[in-house]
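Me: I have a model open and want a quick tour. Can you walk me through the main features?
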Amino acid sequence: AMSHRKFERPRHGSLGFLPRKRCAHHKGRIRKFPRDDASKPCHLTAFMGYKAGMTHIARDVDKPGSKQHKKESVEAVTIIEAPPMVVVGIVGYVKTPRGLRSLTTVWAKHLSDEFRRRLYKNWYKSKNKKAFTKYTKEESERSKNADKELAKIKKHCQVVRVIAHTQVSKVKIGQKKAHVLEVQINGGTIADKVDFGYKLFEQHVTAKSVFSQNEMIDILGVTKGHGFKGVVSRWHVTKLPRKTHKGLRKVACIGSWHPARIGWSVARAGQKGYFHRTEINKKIYRIGDAAKKADGTLEHKNATTEFDLTEKSITPMGGFPHYGIVNEDYIMIKGCCVGVKKRVLTLRKTLLNQTSRSAQEEINLKFIDTSSKFGHGRFQTADEKSKFMGMLKKDLVKEAAAAGK
């Protein structure tokens with residue numbers, strides 16, 4: 001029996017993401033904030049963090065009626081390091097027929113160098129580093145001036161956003177320039193919003209004050225870059241048969257003779273990855289406290305659960321590959337997310353009404369894996385390893401060196 005030939009099939013690759021070109025900005029850009037509801041108290045709607053890596057957790061599923069109910073499940077999670085952000089400004093927007101127009105901005109009196117670095121292409125080579133020096137000098141008049149500007153926002157504006165920056169010095173990603181984000185204030189009247197934002201000036205805003213456990217959030221960021229790629233890798237078109245003349249990782253026919261142009265929807269070689277993407281419905285499994293306390297001491301307890309009482313921090317043995325040690329607050333989300341390690345991610349409150357079973361589910365972690373992610377990790381903590389391995393040569397060498405001193 002001869003098989004019949006197919007004449008139609010779905011196309012390869014989505015045209016919804018055109019143009020597939022490198023993103024112009026490295027940071028996840030919020031194109032839409034959640035809808036405002038004046039009946040709720042004032043709150044911030046977004047935050048920023050740095051992707052550290054992945055691990056896995058074990059938990060009991062709580063889904064009555066499901067076959068998984070009350071059974072243990074092992075799931076992959078991503079750890080995003082999110083030290084507190086600092087609020088340095090407030091902006092008021094007026095709604096016009098052509099969209100939002102910013103009316104005025106009020107800045108804080110003291111701005112850190114990591115924020116001011118953002119305003120320079122090359123901080124090291126710039127002679128006088130004058131950004132905001134005049135603004136802070138006119139401080140005495142400014143207090144009156146700030147009140148005047150804030151009153152202007154209260155009177156004329158419909159949308160209020162704060163300007164906040166990350167404390168990039170607290171995460172070890174080899175960067176000194178802070179990432180800056182405008183975060184919309186939702187809830188309350190316009191006057192409430194302005195007062196709420198102004199009170200946050202020069203304050204540290206934690207991830208816990210913006211998000212909560214079990215919440216569904218969206219993650220905006222730039223994907224991992226792969227450079228210039230051919231059509232098979234970039235569009236996943238079918239490879240041609242082995243004996244094909246002049247190569248087989250190609251599109252066989254890129255269009256008819258007429259029209260005598262190549263159509264825009266034909267798969268071609270070009271840039272793959274480093275695209276801006278918004279991923280929705282990431283569930284927060286845990287918002288962990290920093291291992292580094294205010295007095296500089298380290299407390300390794302932020303990966304402990306009520307079932308696994310081992311004192312350990314979220315950083316796996318040997319650190320997260322290509323990232324290092326997580327000492328600050330962290331957010332654990334279910335599954336993977338966009339970007340490479342160390343990539344800055346923008347986390348935003350969801351735009352949707354979350355009604356699904358998985359969105360409502362209470363998460364209760366039983367175990368968080370902290371074995372080495374570099375090879376076949378057998379031990380959860382260094383303590384456990386030393387107990388199993390006993391005295392090693394390097395320990396003896398260390399002791400001898402200590403005794404020699």
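Reply: Helices (H or I, at least four residues) and strands (E, at least two) are DSSP runs, numbered from the N terminus. This is a predicted model: local features need pLDDT of at least 70, side-chain atom pairs count only at pLDDT 80 or more, and totals for chains, interfaces and linings use all residues. Residues are numbered from 1 along each chain as its sequence is written, and side-chain values use heavy atoms, with hydrogens and water left out.

Me: Where does Thr223 lie?
Reply: In the loop between strand E9 (216-222) and strand E10 (227-229).

Me: Is Thr223 buried or exposed?
Reply: Thr223 is buried, at 17% relative accessible area. Buried means under 20%, exposed over 50%, partly exposed in between (1.4 Å probe, protein chains only).

Me: What does the Thr223 side chain reach?
Reply: The backbone nitrogen of Tyr274, at 3.0 Å. A polar contact is a pair of N or O atoms within 3.5 Å; within protein, one must be able to donate a hydrogen and the other to accept it, and residues adjacent in sequence count only if both atoms are side-chain atoms.

Me: Switching to helix H4. Which residues are buried there?
Reply: Ile190, Lys193, Val194 and Gly197, in H4 (residues 190-199). They line one face of the helix, because they fall within an arc of 95° seen down the axis of H4. The arc is that of the directions from the helix axis to the C-beta atoms.

Me: Now cis peptide bonds. Which residues do they join?
Reply: Leu18 to Pro19 is cis, with omega near -10°. Pro19 is in the segment before E1. His258 and Pro259 are also joined by a cis bond, with omega about 0°. Pro259 sits in the loop between helix H6 (231-235) and strand E11 (270-272).

Me: And what is phi at Lys129 and His236?
Reply: Near 50° for Lys129 and about 60° for His236. Most residues other than glycine have a negative phi, and most peptide bonds are trans. Lys129 lies in the loop between helix H1 (113-117) and helix H2 (133-137), and is partly exposed at 22%. His236 lies in the loop between H6 and E11, and is exposed at 55%.

Me: Last one. Which residues lie nearest the centre of the largest pocket?
Reply: Pro34, Arg35, Lys40, His43 and Thr350, of 20 lining residues. A pocket, on a 1 Å grid over the protein atoms alone, is an open set of points where a 1.4 Å probe fits, with protein on both sides within 12 Å along at least five of seven lines; lining residues have an atom within 4 Å of a point.
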